[in-house]
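Colleague: Please walk me through a few local features of chain B. Keep it brisk.

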Amino acid sequence: MERPTKIAIVDESPVRRAILEEGLRDAGFSNIVVIAETTGLLARLVQIEPDVVIIDLENPSRDVLEQMFQVSRLVSRPVAMFVDQSDNAMIGKAIEAGVSTYVVDGLKKDRVRPILETAIARFNAFQKLRLELEETKSKLEERKLVDRAKGILMRIKGVPEDEAYALLRRTAMNENRTLGQVAQSVITAAELLK
Amino acid sequence: MTKTIRIGFIPLLDAALLVTARDEGFAEAEGLSLDLVREVSWANIRDKLNVGLFDAAHILTPAAIASSLGLGHVTVPMVVPVNLNLNGNAITVSRQLYDQLAASADGDLTQPAVSARALKRICEARRAKGEAPLTFAKTFPFSMHHYHLRIWMKAGGVNPEEDVRLVVIPPPLMAKSLENGHIDGFCVGAPWNALTVAGGGAVVLHLGTQIVADCPEKALGVLGAYAARRPETIAALTRALVKAGRWCSDPANRPLLARHMAHHDVLGIAPQVIETILDGLLPLGGASPAAPSSHYIRFDPGALRPEPAQADFLLGQMVDAGQTEDTPDRRDAARAVLSTASFDEACGSIGTSVGAPRLLA
């Protein structure tokens, strides 16, 4: 029996590396080492001797892995990006998802492909989560701004809450701006006039 | 109509022409809008160019040649229509190594041959005592940082393969790696030497200009296919960058250039540090005040023309480092990357140009 493929995940984001590790385990890969700290990265990898290294593109230490392509006394086995020239579409998908994979030469392509596919899928899932979180955060921020602006209008113009809100909405529509932007203008103006 | 070009860059001072072309209106005057995207690794730059996420990028000139030759990676044919600078590197060592070099020096330590001979003695002493070899860092395998270290070391008889260890470390981690003893020295570009020395515990040993004169460093890289498809865009971008180069090399513009580069979307550091570097005032060996080096980093139009002699020089360095073999085919391929013809077509004669890089050490 072949020895199980050993995968090293290099990622400083705890959530993303957990999502990726779970995905790889679900896909049947159990021999996984997670590296969160990137000082002395090459020495760690030499010690771990992974067959595949997965690293996110936000990590400056990606360039540390590039030297594994070189003939080096530090690395006993040559490394190649698994993808050959014909796999440009796969490289594109991985780069767009924000992930890169380094594979020890000689590892069969059909063993590498599911790893890369899992990595791409999980990175995309993480990205979606992150966008949703940012959206929720900005919506919450906008609501806070609108509430403050409403309060200002109610106080200065002496109108009830629903009317203050309607005024903000109407202005936003007329000026082709977001509710949050109009609310911010009201707050800024009120502060200037204090 | 304005055409938007997406350009990847690494936060380094030699991205100055790109930032200036955007911020001082040189790109706009050529009908271009530059969307500059900050990146964290040279590998990202190469890959995002390759898959078309970038139209062009700030690239290590040797890396553009290596990608075109398919060294260590998939082959990504690139063209350099214009250099972004010459020079700009320096070698920095830990205070501890500096003191050891000073103690072993047989002459003026500011001379690269003297410091390299001192390094050789230290290497031999360490080996005799059974100690681990000294470790030096570069930022990428295909970089002048790597070759500067090698040229310097060989000037004193140090064998870069046997006497020391050479590793890759991203610039933001250099200072920390020096501090915790993972490395003993490094070669990087601006502003990292100045920033590391300002933190204490490290000393600038040599400027790159003491080792190689008129040394190619960074360039604008585009895919060969992109250059073939959009020659007018490349020509317009080249002209904008040459105008930016003329502006950047006028000392009167240094304070404003420093402010552009200091912006949090670019380098995010104090403009004073950048001005010091632009003035060529990096203190050698901790000497204060520093002796100014007028060519520490060159942005003038004469420095921007890609030259066949630069390709020959870089290929020679790659061969010396065991990264490729010297064949007529490879020499032609390397020369084809540095596109003198594309530059001349875009700019006509600009009067000056530099010749081959020259070894000084």
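Modeller: Axes here are lines fitted to C-alpha atoms, for helices over the stretch in contact, and angles run from 0 to 180 degrees between N-to-C directions. Note that this is a predicted model.

Colleague: How are helix 5 and helix 6 of chain B oriented to each other?

Modeller: Helix 5 (residues 95–104) and helix 6 (residues 112–128) of chain B have axes 8 Å apart. Their packing angle is about 100°. Angles of 65 to 115 degrees count as roughly perpendicular. Helix 5 and helix 6 of chain B are therefore roughly perpendicular.

Colleague: Which residues of helix 5 and helix 6 of chain B make the contact?

Modeller: By class, the contact has four nonpolar, three polar and one charged residues. Helix 5 of chain B gives Gln100(B), Leu101(B) and Ser104(B). Helix 6 of chain B gives Ser115(B), Ala118(B), Leu119(B), Arg121(B) and Ile122(B).

Colleague: Why is helix 1 of chain B largely enclosed by the rest of the structure?

Modeller: The buried residues of helix 1 of chain B pack against several elements, including strand 1 (3–9), strand 2 (32–38) and helix 11 (231–248) of chain B. Its buried residues are Ala16(B), Leu17(B), Leu18(B), Val19(B), Thr20(B), Ala21(B) and Arg22(B). Helix 1 of chain B is largely enclosed because seven of its eight residues are buried.

Colleague: Which residue with positive phi follows helix 1 of chain B?

Modeller: The phi in question is near 80°. The residue is Gly25(B).

Colleague: What does Glu345(B) count as, by its C-beta neighbours?

Modeller: Glu345(B) sits in helix 16 (residues 340–347) of chain B. A residue needs 20 or more neighbours to be buried, and 12 or fewer to be exposed. Glu345(B) has 14 inside 10 Å, so Glu345(B) counts as partly exposed.

Definitions and conventions: Residues are numbered from 1 along each chain as its sequence is written. Chains are lettered from A and ligands numbered from 1 in the order in which they are written. This is a predicted model: local features need pLDDT of at least 70, side-chain atom pairs count only at pLDDT 80 or more; totals for chains, interfaces and linings use all residues. Helices (H or I, at least four residues) and strands (E, at least two) are DSSP runs, numbered from the N terminus. Two residues are in contact if their C-beta atoms, placed from the backbone, lie within 7 Å. Angles under 35 degrees count as roughly parallel, over 145 as roughly antiparallel, 65 to 115 as roughly perpendicular and the rest as oblique. Ala, Val, Leu, Ile, Met, Phe, Trp, Tyr, Cys and Pro count as nonpolar, Asp, Glu, Lys and Arg as charged, and the others, Gly among them, as polar.
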